[in-house]
Amino acid sequence: MSETTRTQVLIIGAGPAGLMISQMLHNRGVESVAIDIRTREEIENTHRAGILEAKAVRMLEDENVSQRFRTDGYEHDGTDIRVRGISNRISFKDLVGASVWLYPQTDVFIDLANARERDGGDVRFGVSDVELLDGDSDNPGVRFTDAAGTTQEVRADFVVGSDGSRSICRALIPGATQYFREYPFAWFGIMAEAPMSYDELIYASSDRGFALISQRTPTVQRMYLQCNPSDDMHNWSEDQLWDEFQARVAGPDGFELKTGPIFERTLLPFRSFVQQPMQHGRVSLAGDAAHTVPPTGARGLNLALSDARVLAPRLAEAAKANDPAKLADYEEIAVKRVWRAQNFSYWMTTMLHSLPDENPFDRMRRLGELEMVLGHESGRRHLAEAYAGWPNEVDGL
Ligand code: PHB
């Protein structure tokens, strides 16, 4: 048994970038089919980033996805950067008149998947044997086995590769350059059943390494410890982990974390990646498929949604006219924002983490940099503006 579907836009990868593009195309009268090798449950249970800039949550509202962030999310007017136990509050509100939202990627995904279902979208989760067909033609497509075991072929006028950091769609862009860097550390992430320790996020740089204190709900907390990629903290006891978290945030103000049972542990590698070009003919890349950032600056999901915001309206025009020329400036607009965000993520990462071979000079220089940024208003504003989202005219949005 084999079935063939014809659509206007084929979307490979139904995570937040792909589903947002699908939703935005629907709102503009363009049909799409989205596929993903993961099941919906798998994606819902993969814990990812937690912070959205204000313009990203606004997209959820403007594109008629959901307003759930207003009741289930938390608006944060600032964040705390603790250096060797000394707290430095960065007030996004005071510095740049902005706020961010703690609204986890899994919730963004759930809202998008529900919206696509509600609006009759064609999204096929849990597919396998994905084979890209005729990417460099006027009739690109894909063949796969659907969740019920039937062979499917989908043909479209345009293709979006939003298939994440292990993208197969990258190969559809001939002669592309891949820019890549790894870091000599990783994050060990936990989910814990505990009360919130603080009402905003805490980015803590200590002589024992970095820690991030984030949140999910009043009873579930998300936290990360800098570690060596080869460390096996899966074997650490809960007491050992809590002692390490506490040691990294400890300071003269006596700040103490609220602890509780740890119910999930994951190792997150640190990578920076960009593929250029992001667009060729009828194929466009969006989200992690085109660029990956380390998680320190909370840029990944925001960048993916910004790609959607630039790409979807152009794609809608391109699909209606069946004219790839309408996609022409996607690349130019997106790439500037992508490299700016790469720099911010790299900068936050290297400024807040200690390198395994950091010598005393390196450490003191890094502390000097932190003092330069946190110790006066123009430095704090620079950080706040990047973290809370650059103005639209800077972002090309
Ligand atoms: C998270 O809550 O998972 C989170 C928040 C901020 C980051 C990274 C991760 O920079």
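Which element gives the most to the shell around the ligand? The answer is β14, with 3 residues. The legends below describe close-up views of a predicted model.

**Figure 1. The shell of residues around the ligand in the predicted model.** The ligand is surrounded by 15 residues. The closest are Tyr203, Ser214, Arg216, Tyr224 and Pro295. Sorted by class, the shell holds 9 nonpolar residues, 3 polar residues and 3 charged residues.

Figure 2. On its own, the ligand has 280 Å² of accessible area, and the protein covers 99% of it. Two or more residues of the shell come from each of β14 (209-217) and β15 (220-227).

**Figure 3. The largest cavity and its lining.** The structure holds 4 cavities of 30 Å³ or more, and the largest cavity has a volume of about 50 Å³. Its lining consists of Glu53, Arg299, Asn302, Leu303, Ser306, Arg337, Ala341, Trp390 and Asp395. The elements that give two or more residues to this lining are α8 (300-321) and α9 (330-352). Helix α8 provides the largest share, 3 residues. By class, the lining of the largest cavity has 4 charged, 3 nonpolar and 2 polar residues.

**Figure 4. Helix α3 and the residue Asn64 that follows.** Helix α3 covers residues 54-62. Which of its residues are buried? They are Ala54, Lys55, Ala56, Val57, Met59 and Leu60. After α3 comes Asn64, which has a positive phi, near 60°.

Technical notes:
Residues numbered from 1 in each chain as written. Predicted model: local features only at pLDDT ≥ 70, side-chain atom pairs only at ≥ 80, totals over all residues. Heavy atoms only, no water. Near = heavy atom within 4 Å. Areas by Shrake-Rupley, 256 points an atom, 1.4 Å probe, with all protein chains shown as cover. Helix = DSSP H or I, 4+ residues; strand = E, 2+ residues; numbered from the N terminus. Nonpolar A, V, L, I, M, F, W, Y, C, P; charged D, E, K, R; others polar. 1 Å grid on protein atoms, 1.4 Å probe; cavity = no way out; pocket = protein on both sides within 12 Å on 5 of 7 lines; lining within 4 Å. Points joined across faces, edges and corners; volume = space filled by probe spheres on them. Buried < 20%, exposed > 50% of the residue type's maximum accessible area, 1.4 Å probe, protein only.
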